[in-house]
Amino acid sequence: MITAKAKLAGVIGCPVTHSLSPCLHNFWLKQYNIDGAYIPLPVRPDDLKDVLSSLIKMGFLGANITLPHKESVLPFLDYIDEVAVAIGAVNTISIKDEKLFGTNTDAYGFWKNIESILKFRNKAVVLGAGGAARAVCYALVKNGLSEIIILNRTPEKAEGLSKVYKGKITQGKWQDRSAHLANADLLINTTSLGMMGKDELEIDLRPLPITALVNDIVYVPLITPLLSQAKARGNPIADGLGMLLHQAVPAFEGWFGVHPKVDDVLRSYVLSAP
Ligand code: ATR
């Protein structure tokens with residue numbers, strides 16, 4: 001039940017109709033018997049600043065920020081933490097003492113999703129150099145992977161990332177992506193290839209050790225062609241839904257004061273969402 005004292009949060013995007021966050025956070029609110037609500041907030045780019053001020057005035061505890069506002073929201077915030085600065089994007093806002101605090105929980109979500117199944121932590125190969133790759137690279141560097149190779153169709157974009165993490169990330173050629181898989185412990189697809197309606201990711205997995213974990217950031221479909229190819233040859237896999245579920249944990253805990261569980265019940269519930 002929602003009373004007049006309900007704690008409020010939501011997700012700001014444009015459009016926001018595709019977001020799984022309302023389903024996910026409201027599941028937890030019910031599970032932990034919290035008097036609160038998490039609502040979708042469709043906000044046009046020109047209205048973002050005013051909406052943020054209104055959330056403060058309406059007593060919201062915070063909000064998630066999704067496309068296309070993750071970068072454009074930065075100038076409207078009072079504080080931005082080190083993770084969000086490094087990634088260059090904010091996906092979670094908390095409101096305290098009428099001030100807006102921005103952070104980014106994507107790197108946390110990515111790492112939590114793979115941490116317990118990643119056998120070795122030496123070499124990682126990252127495909128793509130967009131926003132998702134920035135979060136992934138941040139997590140890989142922070143968690144001490146000793147060799148990180150980034151491969152992107154447009155080399156200039158990967159160059160930017162390898163410069164930020166000088167000496168920790170090197171760049172390879174997109175065309176040589178299969179060869180770079182030799183001795184890798186982890187392969188992550190952060191490109192949109194393999195997503196429903198997009199081209200498939202073409203990659204020959206033969207050089208990849210059979211113990212290497214293969215992770216796709218894409219979660220529609222849940223088992224992308226890359227993941228099914230990896231699974232068929234015996235590699236462990238981690239799908240993209242896990243990252244989405246885990247990235248929501250710190251936000252929920254920050255707003256509502258409970259550290260929520262990510263488990264199979266939650267996964268099935270979110271997967272069955274209309
Ligand atoms: P996100 O913020 O979700 O990471 P993005 O910033 O649009 O999304 O990045 C999409 C990534 O998918 C980029 O690395 C992009 O490569 P380019 O930098 O060359 O554009 C990659 N990508 C998209 N379509 C691709 C394709 N057909 N072949 C190879 N890479 C592709």
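How many salt bridges does a search of the whole structure find? The search finds eight. The structure is a predicted model, in which local features need pLDDT of at least 70, side-chain atom pairs count only at pLDDT 80 or more, and totals for chains, interfaces and linings use all residues. Residues are numbered from 1 along each chain as its sequence is written, and side-chain values use heavy atoms, with hydrogens and water left out.

A salt bridge is a side-chain nitrogen of Lys or Arg within 4 Å of a carboxyl oxygen of Asp or Glu. Side chains of opposite charge can pair when their charged atoms come close. Helices (H or I, at least four residues) and strands (E, at least two) are DSSP runs, numbered from the N terminus. Asp106 is buried, with a relative accessible area of 12%. Lys70 is partly exposed, at 21%. Here buried means under 20% relative accessible area, exposed means over 50%, and partly exposed lies in between (1.4 Å probe, protein chains only).

A salt bridge also links Arg134 and Glu71, at 3.1 Å from N to O. Arg134 sits in helix α5 and Glu71 in the loop between β3 and β4, so the pair ties together parts that are 63 residues apart in sequence. Both ends are partly exposed: Arg134 has 22% relative accessibility, and Glu71 has 47%. Arg206 and Asp204 form another bridge, at 2.9 Å from N to O. Arg206 counts as exposed, at 68% relative accessibility. Asp204 is partly exposed, at 30%.

Aromatic contacts were examined next. Rings of Phe, Tyr and Trp (its six-membered ring) pair if their centres lie within 6.5 Å; planes under 30 degrees apart count as stacked, over 60 as edge-to-face and the rest as tilted. By this rule there are seven aromatic pairs. Tyr38 and Trp255 form a tilted pair, 6.1 Å centre to centre, with 40° between the planes. This pair links distant parts of the chain: Tyr38 lies in strand β2 (residues 36-42) and Trp255 in helix α8, 217 residues apart. Tyr38 and Trp255 are both buried. Tyr79 and Phe101 have ring centres 4.8 Å apart and planes at 20°, so their pair is stacked. Tyr79 is partly exposed, with a relative accessible area of 43%. Phe101 is partly exposed as well, at 31%.

Tyr38 and Trp255 also belong to one aromatic cluster, together with Trp28, Tyr32, Phe252 and Phe256. Phe101 has a charged neighbour: Lys96 lies over the face of the ring, at 5.7 Å from its centre. Arg177 lies over the face of Trp174, at 4.4 Å from the ring centre. A charge sits over a ring if NZ of Lys or CZ of Arg is within 6 Å of the ring centre and within 35 degrees of the ring normal.

Pockets were then located on a 1 Å grid over the protein atoms alone. A pocket is an open set of points where a 1.4 Å probe fits, with protein on both sides within 12 Å along at least five of seven lines; lining residues have an atom within 4 Å of a point. Grid points are joined across faces, edges and corners, and a volume is the space filled by probe spheres set on the points. The largest pocket holds about 1,400 Å³ of space. Of its 43 lining residues, Leu67, Lys70, Ala132, Met195 and Ile217 are the closest to the centre. At least two lining residues come from each of β3 (62-65), α5 (131-142) and α8 (240-256). The lining divides into 19 nonpolar, 17 polar and seven charged residues. Ala, Val, Leu, Ile, Met, Phe, Trp, Tyr, Cys and Pro count as nonpolar, Asp, Glu, Lys and Arg as charged, and the others, Gly among them, as polar.

The second largest pocket holds about 160 Å³ of space. Among its lining residues are Met1, Asn26, Leu29, Lys30 and Asp35. Helix α1 (residues 21-31) supplies the largest share of this lining, three residues.
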